[in-house]
Amino acid sequence: MIIAIDGPAGSGKSTVAKTLAKHLGIRYLDTGAMYRALTWKAMQHNVNLDDENALCRIMEQTQIYFESEEKGLQVFVDGRNVTKEIRSPSVTNNTHHISGKPGVRAMLVNLQRKIASKGNTVAEGRDIGTVVFPQAEKKFFLDARIEIRAKRRFRERETPDNENSLDSVIREIALRDQRDTTRKDSPLKISDDSIYIDTTNLTLNEVIHRIIKEVNPLI
Ligand code: C5P
């Protein structure tokens, strides 16, 4: 069984996907973390982020995997725990180079399918219901007003200061939305068969409750 959860940054999909996977006792697959992990590695190796062939070559030589630990899902690149590093602003702002390259996407999608083939999975991302798992048993698309999404991200920052003002987070998210929805390959979009949930005025519990009600008949 695959449950697909797509949506833009700050829509609540990571928290919802994690909580749902825990509730069902099944795997949680964070595909955004994989795009981030390869971005981190390419930056470490000073690879030209516009060079698709070079990015594909580095992906061929890279092992990205997850380990579930008490403190949450940990992300590894070639044996190194990069869970924290991949959330840095520089990685976040450069991930579009990786996610905009069809050759690299194809390799990451293969890996995502391989990981999910091991068992029931809640997978979250931008193209899960449309491209990676079009056959998913249930698909959800989470969304929220941009100001609310930015506020959620702003609150998560360790040191929300003036440099990281709410306005600049709104601008960052708007740019990411624009890049994710307009790229040629696998843009973020709602599939016809997905359940759309606007989380703007909902608590996490309300969203989870709604999703569990849809998923329960499957189990
Ligand atoms: O979900 P997260 O914010 O960690 O994703 C980081 C970036 O990775 C997104 O902005 C998007 O460009 C890319 N991504 C993607 N396809 C996915 C998951 C993430 O293109 N399935």
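Predicted model: local features only at pLDDT ≥ 70, side-chain atom pairs only at ≥ 80, totals over all residues.
Two residues are in contact here when they have heavy atoms within 4.5 Å of each other. Leaving aside its neighbours within four places in sequence, L38 is in contact with I58, M59, T62, I64, I98, V104 and L108. In soluble globular proteins, nonpolar side chains tend to be buried together. In this model, the largest nonpolar core holds 35 residues, and the members that touch the most others are L38, I64, L108 and F133. Two or more residues of this core come from each of β1 (2–6), α2 (31–44), α3 (52–60), β3 (64–69), β4 (72–77), α4 (89–99), α5 (102–116) and α6 (128–132). Helix α2 supplies the largest share, 7 residues. There is also a second, separate core of 19 residues, with A17, I26, I208 and I211 among them.

Helix α2 also contains A37. Is A37 buried or exposed? Its relative accessibility is 0%, so A37 counts as buried, the cut-off for buried being under 20%. Outside the four places on either side of A37 in sequence, the contacts of this residue are I64, V75, V77 and I86. A37 and T62 lie 25 residues apart along the chain, while their C-alpha atoms are 9.6 Å apart in space.

Two of the residues in contact with A37, I64 and V77, turn up again in the sheet: I64 stands opposite V77 in β4. Strands of a sheet pair through backbone hydrogen bonds, either parallel or antiparallel. The sheet described here is open and has 3 strands in the order β3-β4-β5, with antiparallel pairing. Its edge strands, β3 and β5 (80–81), each pair on one side only. Between β3 and β4, which run antiparallel, there are 6 bridges.

What about empty space inside the model? Rolling a probe the size of a water molecule over the atoms shows where empty space is left. The structure holds 1 cavity of 30 Å³ or more, and the volume of the largest cavity is about 40 Å³. Its lining is made up of A4, D6, G129, T130, K139, F140, F141, K189, I190, S191 and S194. The elements β1, α6 and β7 (138–143) each give two or more residues to this lining, and β7 gives the most, with 3 residues.

Definitions and conventions: Residues numbered from 1 in each chain as written. Heavy atoms only, no water. Core = buried A, V, L, I, M, F, W, Y, C linked by side-chain atoms within 4.5 Å. Buried < 20%, exposed > 50% of the residue type's maximum accessible area, 1.4 Å probe, protein only. Helix = DSSP H or I, 4+ residues; strand = E, 2+ residues; numbered from the N terminus. Pairing = 2+ DSSP bridges. 1 Å grid on protein atoms, 1.4 Å probe; cavity = no way out; pocket = protein on both sides within 12 Å on 5 of 7 lines; lining within 4 Å. Points joined across faces, edges and corners; volume = space filled by probe spheres on them.
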